[in-house]
Amino acid sequence: MTGSERRGGSAGELAVLGLLTALLFGSKLALAWLPNVEPVSLLVIVYTAVLGWRALLPLYAYVLLEVVTWGLNLWSVCYVYVWLILAGAAWLLRRMESPLGWAALSGGFGLAFGALCAPVYLLSGGWAFALSWWVQGIPFDIIHCGGNFCMALVLFRPLRSLLERLAGQAGLL
């Protein structure tokens with residue numbers, strides 16, 4: 001047994017987690033031309049349903065890449081906790097089999113995204129700032145909801161199956 005395996009990691013595990021991080025970041029960039037349509041929510045749900053707490057590693061590496069690429073701002077503070085909320089919900093529902101249930105979670109998260117970020121704007125600018133920021137973003141949250149729902153409905157099951165196979169081969173399960 002190597003030193004990294006005694007610490008709970010192996011080269012295969014690290015490679016898979018790195019690929020999952022790249023998939024989060026790259027897939028968001030690939031769809032950046034569509035406002036508020038992103039596969040990150042679906043991937044966070046799939047990663048968490050399959051990997052449990054290990055999903056936090058690619059998730060927070062993704063958040064770090066976002067901050068390094070786009071800079072530190074109020075939205076980046078939201079990213080620190082908003083994705084954790086989604087991962088927590090996915091972990092609680094990890095045994096659910098229904099693609100419709102996963103689509104509802106993903107769509108609901110998209111719809112609630114602005115409201116979940118509003119506390120940062122409340123702390124930085126007060127009630128009026130937070131409320132106006134959230135209300136003006138509702139049309140984007142609706143688009144976020146629809147995109148998340150459709151992607152999860154179609155892709156959750158095949159992505160989960162693929163990640164289970166990949167994670168099993170890499171020793172993550």
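Trainee: Where do I start? What is the volume of the largest pocket?

Mentor: About 520 Å³. Keep in mind that this is a predicted model.

Trainee: How many residues line the largest pocket, and which lie nearest its centre?

Mentor: The lining has 25 residues. K28, N36, Y79, F113 and H144 lie nearest the centre.

Trainee: How does that lining split by class?

Mentor: There are 17 nonpolar, 5 polar and 3 charged residues.

Trainee: And which helices supply at least two residues each?

Mentor: α5 (74-92), α6, α7 and α8 each do.

Trainee: You named N36. Where is it found?

Mentor: N36 sits in the loop between α2 (11-30) and α3 (40-51). Its phi is positive, about 60°, although N36 is not a glycine.

Trainee: Switching topic. How many salt bridges does a search of the whole structure find?

Mentor: It finds 2. In one, the side chains of E66 and K28 meet at 3.6 Å, N to O. That pair links distant parts of the chain, with E66 in helix α4 (residues 56-70) and K28 in helix α2, 38 residues apart. K28 is also one of the residues nearest the pocket centre.

Trainee: Is E66 buried or exposed?

Mentor: E66 is buried, because its relative accessibility is 3%, and buried means under 20%.

Trainee: Which side chains meet in a salt bridge at 3.4 Å?

Mentor: R160 and E164. Both lie in helix α8, 4 residues apart, about one turn of the helix. R160 is buried at 11% relative accessible area, whereas E164 is partly exposed at 37%.

Trainee: Now the surface. Which residues make the nonpolar patch?

Mentor: L111, L131, W134, V135, I138 and I142 make a patch of about 510 Å².

Trainee: Which helix gives the most to it?

Mentor: α7, with 3 residues. α7 (127-136) and α8 (138-170) each supply at least two.

Trainee: So where is L111?

Mentor: L111 is in helix α6 (residues 99-125). It is partly exposed, at 44% relative accessibility.

Trainee: Last one. Which helix holds F129?

Mentor: F129 lies in α7 and is partly exposed, at 35% relative accessibility. Its C-alpha atom is separated by 32 Å from that of C150, 21 residues apart along the chain.

Notes. Residues are numbered from 1 along each chain as its sequence is written. This is a predicted model: local features need pLDDT of at least 70, side-chain atom pairs count only at pLDDT 80 or more; totals for chains, interfaces and linings use all residues. Side-chain values use heavy atoms; hydrogens and water are left out. Patches are made of residues with over 30% relative accessible area and no salt bridge: like charges are joined within 9 Å, nonpolar side chains (Val, Leu, Ile, Met, Phe, Trp, Tyr) within 5 Å. Accessible areas come from the Shrake-Rupley method with a 1.4 Å probe; for residues, only the protein chains shown count as cover. A salt bridge is a side-chain nitrogen of Lys or Arg within 4 Å of a carboxyl oxygen of Asp or Glu. Buried means under 20% relative accessible area, exposed over 50%, partly exposed in between (1.4 Å probe, protein chains only). On a 1 Å grid over the protein atoms alone, a cavity is a set of points where a 1.4 Å probe fits but cannot get out, and a pocket is an open set with protein on both sides within 12 Å along at least five of seven lines; lining residues have an atom within 4 Å of a point. Grid points are joined across faces, edges and corners, and a volume is the space filled by probe spheres set on the points. Ala, Val, Leu, Ile, Met, Phe, Trp, Tyr, Cys and Pro count as nonpolar, Asp, Glu, Lys and Arg as charged, and the others, Gly among them, as polar.
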